[in-house]
Amino acid sequence: MKNLDTGIFPTWCPGCGDFAIFSSIKNAIGMMDYPAESYFFTYGIGCHGHMCNFLDVYGFETLHGRPLPVAEGAKLANRDLNVIAVSGDGDSYGEGISHFMHIMRRNIDLTLIVHNNRVYGLTTGQVTPTSQKGFRSKSTPDGTIEQPMNPISTAILGGATFVARGFAGDPAHLSSLIVEGVKHKGFALIDVFQPCVTFNHINTYQWYREKVYKLEGNNTSDRMEALRISMEQDKLPIGIFFREEAKTYEEQVATQVSLSSEPVKTDIKDLIESFR
Amino acid sequence: MASIVQWKIGGEAGFGIMTAGAIFSKACSRGGLHVFGYSEYPSLIRGGHNSFQAAVSEEKVGCQVTPVNVLVALNRETVDLHKGELSREAAVIFDPDKTSVDKMPGFKLVPVPFARIATETAGLELMSNNVALGASVAVLDYDIGLLLDVIRDQFKGKGEDVIRKNTESANAGYEYVKKNFPGKFKYKIQRAKSPAKILMTGNEAIGAGAIAAGCKFYSGYPMTPTSGLLHFMASQERKYGLIVKHAEDEISAINMAIGAAHTGARSMTATSGGGFCLMVEGLGLAGMTETPLVIAMGQRAGPSTGLPTWTEQSDLKFVLNASHGEFPRIVLAPGDVEELFYSTVKAFNLAEKYQTPVIIMYDKHIAESHCTVDSIESVEIEEGLKVGENTPGYKRYQFTKTGVSPRAFPGQKGNFFIANSDEHDEKGHSTESAELRKAMVEKRMRKLEHAEIDSCRLHGPKKAPITLIGWGSTKGAIKQAMERLASKGVKANFLQMTCISPFPEKMVSAILKGKRPKLIVENNYSGQLAFVICEHTGIQVSHKLLKFDGRPFYPEEIELEAKKVARK
């Protein structure tokens with residue numbers, strides 16, 4: 001495998017969970033047999049998006065909330081690519097929530113890795129859709145009134161065919177989840193608990209270490225069981241909640257070739273004659 | 001001046017007015033005649049008034065006209081709403097069992113019991129439309145065989161029984177008129193000697209152009225008047241190996257198209273003004289990442305939901321300025337169905353050549369009107385600069401003299417790079433360096449500085465005492481108005497803008513210099529093109545004929561105004 005580092009030194013805060021997610025992604029790529037050029041990463045806007053400068057594979061830093069639709073278009077046009085969308089909680093559960101909901105219905109074969117730090121880091125600390133109720137931030141000085149969304153439950157109900165959660169404090173486990181997610185045929189969500197050492201002083205490494213436990217022996221083909229486990233609050237399970245084999249979107253479309261390698265010149269004589 | 005016969009059908013939404021209009025138009029184009037078929041309808045599925053009018057001539061006809069020579073009234077409202085449009089001795093065909101029509105002196109009333117004939121011949125009142133079409137052909141003394149052929153084609157694949165019911169009811173309508181009203185009508189149409197013409201809507205022309213240009217990926221979201229383009233592309237998906245994606249919203253549609261284009265597939269999206277509002281951030285993304293992208297922008301009356309099914313040209317300045325920041329964009333403004341086809345091919349070539357978004361401006365008027373074209377020639381595909389695998393030292397955004405840097409694609413060996421919405425260096429990595437920022441903006445902007453795009457056309461004599469100016473769908477009415485003016489001894493020429501960005505400053509300045517009156521014709525309130533012309537050339541257009549009631553221009557309106565301006 002080629003060197004996956006661009007040589008640009010990561011600009012995340014010392015101790016940021018993004019370092020561990022970055023190395024887990026590189027480890028996962030190393031653990032799989034696909035050539036480096038088969039990967040296509042899209043990124044959203046947020047601290048996670050800086051990864052585009054550090055990871056030396058084909059990539060596209062999109063707009064805030066839009067790593068999914070760019071990834072979907074790329075996958076539909078070139079089905080040979082291993083497409084991975086890297087996003088954040090503000091990015092995919094806030095600004096881009098509609099894309100998240102709809103890709104689950106489609107089951108396009110790509111992997112979404114969400115750096116879920118439960119705070120807006122790059123805009124210096126505001127509440128996000130996954131912040132705990134009462135979370136005090138620059139935009140909610142009295143504490144947020146809203147309930148946090150539960151992305152895992154949402155994905156299980158939304159029809160995702162692979163739903164997992166990792167923790168930046170356990171990169172080896174996270175790497176194995178990413179490998180499973182990329183190898184999964186269909187849409188895979190990997191939500192990652194990512195401590196933000198600068199702006200989130202509630203959900204810290206210590207806080208997570210006391211709460212997380214690894215799922216073992218759960219029936220990952222039972223959507224209802226997965227849903228029940230995903231609702232656990234006192235302890236926070238990490239691992240694979242749910243997975244099922246299902247046809248992908250691209251397996252079911254009329255055109256079964258990679259569009260990007262098709263010849264451009266098209267004879268439309270018949271089409272024009274049909275208008276006579 | 002071309003002699004035009006105009007037929008019009010009206011009725012309640014849900015009566016099948018559009019289908020009937022399309023069938024009638026095709027029966028005419030099959031007979032080698034030119035047709036312009038224009039429809040009006042409210043934003044409703046049932047109820048409300050629909051109409052379709054077909055202007056038919058042996059010569060090119062590019063717009064709806066006044067007056068109407070044959071009116072088919074499927075309800076009473078049609079007579080009330082349209083009797084003011086009728087010519088002397090116009091025929092009014094209606095169902096006396098369903099619609100009471102008072103005596104109309106000066107017009108020919110043609111009572112044909114559509115419903116009764118339909119029930120008797122086909123057992124279905126639903127076939128009333130066909131009876132009306134047959135009756136129309138009889139009134140116009142046209143060729144019933146052509147109509148029956150078109151109906152047969154229309155229902156091909158639906159079984160012999162369906163075809164038989166439809167054709168027999170049309171034929172019964174024809175026979176009824178021939179028998180009961182023999183040889184009584186003034187307005188006739190006749191098969192031309194030329195072969196069958198191509199009949200397309202603007203949406204179909206864009207779709208066909210896109211396929212001819214090698215478009216493989218189309219993502220969109222339904223919005224009048226561009227839904228027809230989405231439907232057309234979807235109908236061709238299987239045959240031409242496309243992927244057509246109805247996305248969850250316009251934001252997704254444009255971002256998907258960007259993702260697909262990034263992998264090397266020629267890609268397109270389309271929408272109207274409201275959807276374009278949502279696409280604006282994506283437009284900037286395509287500009288920043290230098291992604292070739294074609295956007296068809298079918299305008300309708302705004303702002304907000306506006307008049308969803310009516311025409312307007314009020315999004316020109318919006319599209320020219322949409323998005324924050326500065327990046328090069330190409331904005332094309334084809335004026336008719338034929339130009340829409342070729343402009344779309346050109347749009348794909350330009351998008352790839354200059355690696356930047358290309359927007360095709362059109363509007364409800366040409367998007368949904370049916371218009372004939374003699375022939376469509378084969379088109380040239382111009383591919384943009386690309387590199388092969390393992391290009392040593394490859395830089396996706398390399399600084400070049402032209403500003404254009406060769407593209408590489410994900411999946412290729414060895415050409416790793418990032419497309420980046422942040423400002424970036426030649427490899428695509430984020431940078432906030434002042435020097436790099438400046439160099440990168442200049443590189444992008446340089447791409448269109450020397451672009452050669454066929455951008456305006458002067459119709460009519462080189463010198464004329466009055467110059468008409470327009471862009472987009474007003475072309476048909478302006479050209480028709482010029483003919484009318486010429487027949488009355490008023491000489492005029494017409495500057496048609498076909499590309500508005502980059503703006504052809506020198507050409508337009510040269511054409512518009514001098515003190516003669518200039519009349520700009522636009523379907524908007526403020527005269528947006530007049531502002532753009534002034535912005536680029538300093539020339540103030542002396543007169544404006546503006547219309548923003550959702551209705552397209554009629555040649556008579558332009559003729560009248562031009563005469564007034566010329567007299568001043």
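Predicted model: local features only at pLDDT ≥ 70, side-chain atom pairs only at ≥ 80, totals over all residues.
What covers the buried residues of H10(B)? Residues are numbered from 1 along each chain as its sequence is written, while chains are lettered from A and ligands numbered from 1 in the order in which they are written.

Helix H10 of chain B spans residues 273-289; helices (H or I, at least four residues) and strands (E, at least two) are DSSP runs numbered from the N terminus. Its 17 residues reach 23 Å from the first C-alpha to the last, close to the 24 Å expected at 1.5 Å a residue, the expected span being 1.5 Å times one less than the number of residues. Of the 17 residues, 12 are buried, a residue being buried if 20 or more other C-beta atoms, placed from the backbone, lie within 10 Å of its own, exposed if 12 or fewer do, and partly exposed in between. Among the buried residues are Phe276(B), Met279(B), Leu283(B) and Leu285(B). Their cover includes helix H9 (250-262), strand S10 (266-271), strand S11 (293-299), helix H11 (316-321), strand S13 (357-363) and S15 of chain B, with contact meaning C-beta atoms, placed from the backbone, within 7 Å. Just after the helix, Glu290(B) takes a positive phi of about 55°.

Strand S15 of chain B also belongs to an open sheet of nine strands, in the order S7(A)-S8(A)-S5(A)-S6(A)-S4(A)-S3(A)-S1(A)-S2(A)-S15(B), with mixed pairing; two strands pair if DSSP finds at least two bridges between them. S7 (212-214) of chain A and S15 (418-420) of chain B stand at the edges with a single partner strand each, so one side of each is left without a neighbour in the sheet. Within the sheet, S3 (residues 82-88) and S4 (residues 111-116) of chain A run parallel and are joined by five bridges, and Ala85(A) has Leu112(A) as its bridge partner in S4(A).

The contact between the chains takes 51 residues from chain B and 45 residues from chain A. On the side of chain B that touches chain A, H9(B) gives the largest share, eight residues.

The largest nonpolar core holds 241 residues, of which Val163(A), Ile93(B) and Ala135(B) touch the most other members; such a core is a set of buried Ala, Val, Leu, Ile, Met, Phe, Trp, Tyr and Cys residues joined through C-beta atoms within 7 Å. Helix H12 (residues 337-354) of chain B gives the most to this core, with 10 residues.

Some backbone details remain. The peptide bond from Thr66(B) to Pro67(B) is cis, with omega near 0°, and Pro67(B) is placed in the loop between strand S3 (49-57) and strand S4 (68-73) of chain B. Asn107(A), although not a glycine, has a positive phi of about 60°; this residue counts as buried because it has 23 C-beta neighbours inside 10 Å. Asp141(B) also has a positive phi, near 55°, but counts as partly exposed, with 14 C-beta neighbours inside 10 Å.

Definitions and conventions
Contact = placed C-beta atoms within 7 Å.
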